[in-house]
Amino acid sequence: MIQHLKKGQSAQAKASDQAQVRATVEGILSDIEQRGDTAVREYSAKFDNWTPQSLRLSQEQIDACIASLPKQTLDDILFAQAQIRRFAQVQKDSMHDVEVETLPGVVLGHRNIPVNSVGCYIPGGKYPLIASAHMSVLTAKVAGVKRVIASAPPFDGKPCAEIVAAMHLAGADEIYCLGGVQAVAAMALGTESIAAVDMIVGPGNAYVAEAKRQLYGRVGIDLFAGPTETMVICDDTVDAELVAVDLLGQAEHGPTSPAYCVTTSKTIAEQLPAAIEQVLSRLDTAPVASVAWRDFGEIYLCDSDEEALEVAERLCSEHVQVMTRDPDWYHQRMTRYGALFLGHRTNVSYGDKVIGTNHTLPTMGAGRYTGGLWVGKFIKTHTYQRVLTDAASVMIGQYCSRLCSYEHMSGHKEQADIRVRRLQQEA
């Protein structure tokens, strides 16, 4: 029997809140489309108190940011990027162009072609999310994107040196100190000083997510993102403190971030609330994480792994950490999630920051139909066809003609018929 011991609110925003965000974003996008750089500067001043002389950072500014950082910081950034680059390259190498002669004289194939330009948004208002630069800029570069531009808001009244260094070391071709909707709009729509891109990627707040939603179609996007979600599936092979740390480590993202404990251990289910309070007492981010756990934390006590799997599949969490006797049992059976973290030796933070997998993942149940950001998101698979002989074209044309007639599409039918007539005569 599944016992839902602690319930949370729905993580979905209220309809009125959604309408307000939608209207605000719509107005900003329209204004920037009409007034370009002038509007971007005004919104930057209004929302970030940032009025730069140039929207784009110069090489001198980039160099100054890098020079301001300790060697250990740069070494750590480079280490993380090496892991992410290595795995991204392995993923790219798994993708192959194909060509096959499906019938005598009929050749079909596809080519994997990177998009030409990408805009990467790196959040930096509440936390300077250095890792997001690796995950977006670096992955796009490994995919072969020719022009990758990156933007992050100011942090403490100036460009965040760590983010700038990460963007530069990841291979960004242009770097901007801009935040929020104005950054996304400038990159997607283009302004007098910023050439528009083909695709926008990267996480952000509700306004950034709404901007990407409204721009989708005019440009490509990676994912529709909601609040960070995390789930710990566990049994009595771990303790309540470890579970609490792993739940709160993601709850600190924001006050609406769901955190789920799905356990077959009655001891953990009973001890977790007190363990949560104990861990919160030593976290600087407790004011945020405590609210997320209070309002969106949930505890499920299950009698079996099968019941725990049922709960996990239904919730379809962005991050799923499995700390049980046999994590592979879940690995082989789970189908709905963003990313898996198997065993007590790993955790979501490793994936977020350094281990090599990408941390931009589906939320709000999107793991039902998509995975997270990877090199393949930046690559388009285009098909082509070639008919090598008159006989092959006549044979395909005769089938095509009849199929078109069943659909009453005379123009399509004539495309086939004219070739059948001409090529039969020539033969």
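Why is strand S12 largely enclosed by the rest of the structure? 5 of the 5 residues of S12 are buried, so the rest of the structure largely encloses this strand. Buried means under 20% relative accessible area, exposed over 50%, and partly exposed in between, with a 1.4 Å probe and protein chains only.

**Before you start**

This is a predicted model, in which local features need pLDDT of at least 70, side-chain atom pairs count only at pLDDT 80 or more, and totals for chains, interfaces and linings use all residues. Residues are numbered from 1 along each chain as its sequence is written, and side-chain values use heavy atoms, with hydrogens and water left out.

**Whole chain**

Show the protein chain as a cartoon. It has 16 helices and 14 strands. Helices (H or I, at least four residues) and strands (E, at least two) are DSSP runs, numbered from the N terminus. The C-alpha trace spans about 85 × 60 × 45 Å along its principal axes. Of the 427 residues, 50% count as buried.

Switch to a surface. The chain exposes about 20,700 Å², and carbon and sulfur atoms supply 51% of that area. Accessible areas come from the Shrake-Rupley method with a 1.4 Å probe; for residues, only the protein chains shown count as cover.

Now contacts, meaning heavy atoms within 4.5 Å. Among those with a separation of 6 or more, 74% join residues 24 or more positions apart.

**Stop 1: the sheet of 5 strands**

Select S4 to S8. They form an open sheet in the order S6-S5-S4-S7-S8, with parallel pairing. Strand S6 (174-177) and strand S8 (220-221) are the edge strands, each pairing on one side only. Two strands pair if DSSP finds at least two bridges between them.

Zoom in on S4 (residues 117-121) and S5 (residues 147-152). They run parallel, joined by 5 bridges. Pick Ser-117: its bridge partner in S5 is Arg-147.

Axes are lines fitted to C-alpha atoms, for helices over the stretch in contact, and angles run from 0 to 180 degrees between N-to-C directions.

**Stop 2: helix H6**

Select residues 161-170. Helix H6 is mostly covered, with 7 of its 10 residues buried. Among them are Ile-163, Val-164 and Met-167. What do the buried residues of H6 pack against? Their partners are helix H3 (59-67), helix H4 (71-93), H5, S5 and S6. Step past the end of H6 to Gly-171, whose phi is positive, near 110°.

**Stop 3: Ile-194**

Select Ile-194, in the loop between helix H7 (180-189) and S7. Is Ile-194 buried or exposed? Ile-194 counts as buried because its relative accessibility is 2%. Leaving aside its neighbours within four places in sequence, Ile-194 is in contact with Leu-55, Arg-147, Ile-149, Tyr-176, Leu-178, Ala-186 and Met-187. Arg-147 is also the bridge partner of Ser-117.

Draw a distance to Ile-276. The two C-alpha atoms are separated by 47 Å, and the residues are 82 apart along the chain.

**Stop 4: the sheet of 6 strands**

This open sheet has the order S1-S11-S10-S9-S12-S13, with mixed pairing. Strand S1 (3-6) and strand S13 (339-342) stand at the edges with a single partner strand each, so one side of each has no neighbour in the sheet. The twist averages 20° from one strand to the next.

Select S10 (residues 259-263) and S11 (residues 297-301). They pair in the parallel sense over 5 bridges. Val-262 has Tyr-300 as its bridge partner in S11.

H9 lies across strand S9 (230-234), S10 and strand S12 (319-323), at about 165° to S9.

**Last stop: S12 again**

Show side chains on S12. His-319, Gln-321 and Met-323 point one way, Val-320 and Val-322 the other way, and all are buried. In a regular strand the side chains alternate between the two faces of the sheet.

Look at both partners. S9 pairs with S12 in the parallel sense over 5 bridges, and Thr-230 stands opposite His-319. S13 runs parallel to S12, joined by 4 bridges. Gln-321 has Phe-341 as its bridge partner in S13.
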